[in-house]
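Have a go at each task before reading on.

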Amino acid sequence: MFRLCASYVLLSLVSLIALSCEADAKKATPREKKQTSSHGHEVSVEFLAGKFSPASDTSFTSVPNKYSTRRQYIAKDTLQAFEALAKEALHAGFHLQIVSATRNFVTQRIIWDGKFNGQRKVGGEDLSKTLPNEAERALKILEFSSMPGTSRHHWGTDLDIHALEVKGPALTNATFKSGTGLKFYTWLVNNAPRHGFCQPYTGSPQDRNSGMKHGYQEERWHWSYRPLAAKYLAAYEKNLQALRPQGFAGDKAASGFFSDFVSNVDTSCKSND
Ligand SMILES: [Zn+2]
């Protein structure tokens with residue numbers, strides 16, 4: 001009887017230890033590891049291509065209501081830097097707003113596929129009819145929208161910024177070329193870099209980075225949190241083969257030039273390493 005009881009206790013003990021080991025092993029998997037501030041996100045091909053949900057990712061948080069009129073997500077480190085910038089902007093008379101923060105692969109695909117297949121008009125045109133050549137059509141869409149899997153907005157580091165005081169459409173360069181819009185843009189150029197922000201899409205793509213034929217047009221509203229984004233860009237460029245476009249309309253046609261759109265950014269947004 002004692003022997004039976006002793007073996008039962010031993011057996012229970014062994015299974016308890018086994019259970020607790022399993023629990024420890026679960027805790028230790030990198031996927032579930034809590035992200036700590038200032039290190040950013042674990043760099044995987046899936047993350048770089050925006051194939052994750054920022055709503056359930058521990059290194060992301062929602063943008064506070066005072067900066068956005070809708071629910072959006074942002075990398076925690078980016079938000080910390082943005083709030084410091086916003087505080088300073090307030091002293092200069094500008095209430096910062098985030099028009100667009102993180103957009104993942106799925107969100108970007110909805111925009112892209114709609115434009116590619118003609119459900120969403122581009123400049124009033126159904127591109128599936130006016131540009132039957134897929135590569136030409138992709139390049140037309142790329143004047144204003146990123147391909148899914150290639151947008152810096154996937155990373156939680158890039159923001160389309162506006163201010164309550166600035167009248168005029170937010171995603172239009174002309175808004176930032178005169179009056180209060182120009183004052184605001186000049187203020188950002190002079191102060192945002194001190195908080196880690198750079199402007200990836202300056203001037204014309206041909207002048208921005210010699211040797212690259214393609215790239216986005218100037219976007220005075222688009223700012224990037226460089227300490228994280230430069231790291232992600234470097235990782236992206238190292239993994240181009242694995243990041244070739246796939247899973248959306250016209251992906252094959254776009255594979256010849258997608259890397260130019262990712263890499264052709266202002267040198268102030270590149271890594272120093
Ligand atoms: Zn943007």
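**Exercise 1. Find the bridge partner of D158 in β6.**

Step 1. The bridge partner of D158 in β6 is S224. Strands here are DSSP runs of E with at least two residues, helices are DSSP runs of H or I with at least four, and both are numbered from the N terminus.

Step 2. Check how you count: residues are numbered from 1 along each chain as its sequence is written. Keep in mind too that this is a predicted model, in which local features need pLDDT of at least 70 and side-chain atom pairs count only at pLDDT 80 or more, while totals for chains, interfaces and linings use all residues.

Step 3. Now look at the strands: β4 and β6 run antiparallel and are joined by 3 bridges. Two strands pair if DSSP finds at least two bridges between them.

**Exercise 2. Work out the order of the strands in the open sheet.**

Step 1. The open sheet has 4 strands in the order β3-β4-β6-β5, with antiparallel pairing. The edge strands, each pairing on one side only, are β3 (96-100) and β5 (197-198).

Step 2. Strands β5 and β6 (residues 222-225) run antiparallel and are joined by 2 bridges. F197 has Y225 as its bridge partner in β6.

Step 3. Recall the general principle: strands of a sheet pair through backbone hydrogen bonds, either parallel or antiparallel.

**Exercise 3. Decide why β4 is described as largely enclosed by the rest of the structure.**

Step 1. Learn the rule: a residue is buried if 20 or more other C-beta atoms lie within 10 Å of its own, exposed if 12 or fewer, and partly exposed in between, with C-beta atoms placed from the backbone.

Step 2. Apply it to β4 (residues 158-163): 5 of its 6 residues are buried, so the strand is largely enclosed by the rest of the structure.

Step 3. Look next at β3, which is mostly covered, with 4 of its 5 residues buried.

Step 4. Zoom in on L96. Not counting residues up to four places away in sequence, L96 touches Y67, L85, A86, A89, I161 and A163. A contact means that two C-beta atoms, placed from the backbone, lie within 7 Å.

**Exercise 4. Is A75 buried or exposed?**

Step 1. Locate A75 in strand β2 (residues 73-75).

Step 2. A75 has 28 C-beta neighbours inside 10 Å, so it counts as buried.

Step 3. List its partners. Leaving aside neighbours within four places in sequence, A75 is in contact with G40, H41, S59, F60, G156, T157 and L228.

**Exercise 5. Find where the buried residues of α4 sit around the helix axis.**

Step 1. The buried residues of α4 are F105, Q108, W112, K115 and F116. They cover an arc of only 105° around the axis, which puts them on the same side of α4. The arc is that of the directions from the helix axis to the C-beta atoms.

Step 2. Ask what covers them: the cover includes α5 and α6.

Step 3. Compare with α6 (residues 134-141), where R137, A138 and I141 are buried. Seen down the axis of α6, these fall within an arc of 100°, so they line one face of the helix. Their cover includes α4 (105-117), α5 (127-130) and α10 (251-254).

Step 4. Step past the end of α4: just after it, G118 takes a positive phi of about 95°.

**Exercise 6. How confident is the prediction, as given by the mean pLDDT of the protein?**

Step 1. pLDDT is the predictor's confidence in each residue, from 0 to 100. The mean for the protein is 87, and 85% of its residues reach 70 or more.

Step 2. Read with care: where pLDDT is low, the predicted coordinates should not be read in detail.
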